[in-house]
Amino acid sequence: MGLRRSGKSSIQKVVFQKMSPNETLFLESTNKIVKEDISNSSFVQFQIWDFPGQIDFLDPSFDSDMIFGGCGALVFVIDAQDDYMDALNKLHLTVTKAYKVNQNVKFEVFIHKVDGLTEDSKMETQRDIHQRANDDLTDSGCEQIHLSFHLTSIYDHSIFEAFSKVVQKLIPQLPALENLLNIMISNSAIEKAFLFDVVSKIYIATDSSPVDMQSYELCCDMIDVVIDVSGIYGLQEEPEAPAFDNQSSSLIKLNNGTILYLREVNRFLAFVCILREDNFDRQGVIDYNFLCFREAIQQVFVNSIQPNEMACNGETSAASSKTEPT
Ligand SMILES: Nc1nc2c(ncn2[C@@H]2O[C@H](COP(=O)(O)OP(=O)(O)OP(=O)(O)O)[C@@H](O)[C@H]2O)c(=O)[nH]1
Ligand SMILES: [Mg+2]
């Protein structure tokens with residue numbers, strides 16, 4: 001949700017439909033709720049509902065029980081290049097309304113279009129919005145509502161990073177995944193590892209060392225390289241064959257003594273890690289550890305779905321976390 005022209009549809013198209021950021025200039029204003037299923041192409045299963053900016057909560061056709069009742073996360077987009085006082089009022093109205101219906105909603109505020117701001121004004125805008133939004137909640141006696149803030153832009157990786165964090169909060173298996181990644185990296189001398197949803201380039205989990213934007217960008221770019229190269233040169237006999245399958249793996253040596261290594265986990269997920277070249281001299285150990293890791297990931301998801309769901313999925317490795325609409 002968010003005011004008109006704040007960038008909601010652009011975010012959805014760039015992250016989930018691979019639209020290039022420049023093309024969003026031609027997007028038309030949304031005039032009804034647009035629902036998109038992120039389930040058949042991706043590991044994370046949910047719906048995204050894109051709301052029109054001018055939506056009116058007082059309108060009798062606005063069914064807040066239906067809309068907020070099954071909602072996992074509410075992403076509220078604020079245009080940081082514009083005057084944001086109206087947006088803050090709308091934010092307050094939206095979160096208090098949603099909280100009344102459903103106290104489990106995660107509230108995520110995207111301070112968006114920050115590509116137009118300097119580093120200093122980014123920080124200042126975030127501080128100001130954070131302060132005002134929380135003051136509004138305190139003044140109306142709703143201090144129990146928690147808001148998370150993210151600085152985002154569709155022109156760099158920040159939007160993917162922010163969406164990764166939103167989606168991670170909705171994955172009940174997250175602690176188990178993080179734990180497995182921690183074990184994997186400490187036994188393989190890896191610096192940083194991510195579990196990526198290949199289609200959206202959202203990371204589902206990472207080890208517990210801090211994420212720096214550069215490592216994340218490198219890993220995202222690596223996925224693009226792998227998909228593009230296999231799309232062009234792979235499997236010429238079968239034109240419809242996916243560019244990412246259980247044979248997918250890639251190793252890129254950078255000229256600063258760092259290695260990027262990618263392995264397929266299942267048809268939606270890739271393990272991508274960064275390590276020092278000196279620590280890659282025994283690749284067999286890393287590959288062996290990876291096989292154990294992959295096995296464990298599959299167990300995490302097999303254990304967390306019901307037997308009847310498994311039967312209709314047919315394939316256990318593709319079993320995924322069922323999360324609620326975002
Ligand atoms: N500079 C910049 N422009 C952006 C960004 N995201 C979106 N825009 C632009 O903002 C304009 C409005 O984007 P939309 O996605 O249509 O906005 P919306 O929130 O869906 O608007 P409504 O559907 O009318 O509610 C477009 O021209 C986008 O190109 C961003 O990160 N940076
Ligand atoms: Mg729109």
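1. **Basis.** This is a predicted model, in which local features need pLDDT of at least 70, side-chain atom pairs count only at pLDDT 80 or more, and totals for chains, interfaces and linings use all residues. Residues are numbered from 1 along each chain as its sequence is written, while chains are lettered from A and ligands numbered from 1 in the order in which they are written.

2. **Overall make-up.** The protein chain has 9 helices and 10 strands. Helices (H or I, at least four residues) and strands (E, at least two) are DSSP runs, numbered from the N terminus. Of the 326 residues in the protein chain, 34% are buried. A residue is buried if 20 or more other C-beta atoms lie within 10 Å of its own, exposed if 12 or fewer, and partly exposed in between; C-beta atoms are placed from the backbone.

3. **Contacts along the chain.** Take the contacts in the protein chain with a separation of 6 or more: 67% of them join residues 24 or more positions apart. Two residues are in contact if their C-beta atoms, placed from the backbone, lie within 7 Å.

4. **The core.** The largest nonpolar core has 75 residues. Such a core is a set of buried Ala, Val, Leu, Ile, Met, Phe, Trp, Tyr and Cys residues joined through C-beta atoms within 7 Å. Ile-78, Leu-195, Phe-196 and Val-272 touch the most other members. Domain 1 (8–169) and domain 2 (173–304) each supply at least three residues to this core. The domain bounds come from an automatic or database domain assignment.

5. **Leu-195 and Phe-271.** Set aside neighbours within four places in sequence. Leu-195 is then in contact with Leu-177, Leu-181, Tyr-203, Ile-204, Ala-205, Val-265, Leu-269 and Phe-271. Phe-271 lies in strand 10 (residues 269–276). Phe-271 has 21 other C-beta atoms within 10 Å, so it is buried. Its C-alpha is 9.7 Å from that of Cys-219, a residue 52 positions away in sequence.

6. **Helices 3 and 4.** Two packed helices are described by the angle between their axes and the distance between the axes. Helix 3 (residues 85–101) and helix 4 (residues 119–139) pack at about 45°, with axes 10 Å apart. Axes are lines fitted to C-alpha atoms, for helices over the stretch in contact, and angles run from 0 to 180 degrees between N-to-C directions. The two helices are therefore oblique to each other. Angles under 35 degrees count as roughly parallel, over 145 as roughly antiparallel, 65 to 115 as roughly perpendicular and the rest as oblique. Leu-88, Leu-91 and His-92 of helix 3 meet Ile-129, Arg-132, Ala-133 and Asp-136 of helix 4. The crossing of helix 3 and helix 4 is right-handed. A crossing is left-handed if the near helix is turned anticlockwise from the far one by less than a right angle, and right-handed if clockwise.

7. **Helices 1 and 5.** Helix 1 (residues 8–17) and helix 5 (residues 158–169) cross at roughly 85°, and their axes come within 10 Å. That makes helix 1 roughly perpendicular to helix 5. The contact involves Ile-11, Val-14 and Val-15 of helix 1 and Ile-159, Phe-160 and Phe-163 of helix 5.

8. **Positive phi.** Arg-5 is not a glycine, yet has a positive phi of about 65°. Arg-5 sits in the segment before helix 1. Arg-5 is partly exposed, with 15 other C-beta atoms within 10 Å. Lys-201, also not a glycine, has a positive phi near 60°. Lys-201 lies in the loop between strand 6 (192–197) and strand 7 (202–206). Lys-201 is buried, with 23 other C-beta atoms within 10 Å.

9. Trp-49 is in strand 2 (residues 47–50). Trp-49 has 18 C-beta neighbours inside 10 Å, so it counts as partly exposed. The C-alpha atoms of Trp-49 and Ile-67 are separated by 9.3 Å. Arg-267 is in the loop between strand 9 (258–264) and strand 10. Arg-267 counts as partly exposed, with 15 C-beta neighbours inside 10 Å. Arg-267 and Phe-43 are 224 residues apart along the chain, with C-alpha atoms separated by 8.4 Å. Glu-217 belongs to helix 7 (residues 213–233). Glu-217 counts as partly exposed, with 15 C-beta neighbours inside 10 Å.
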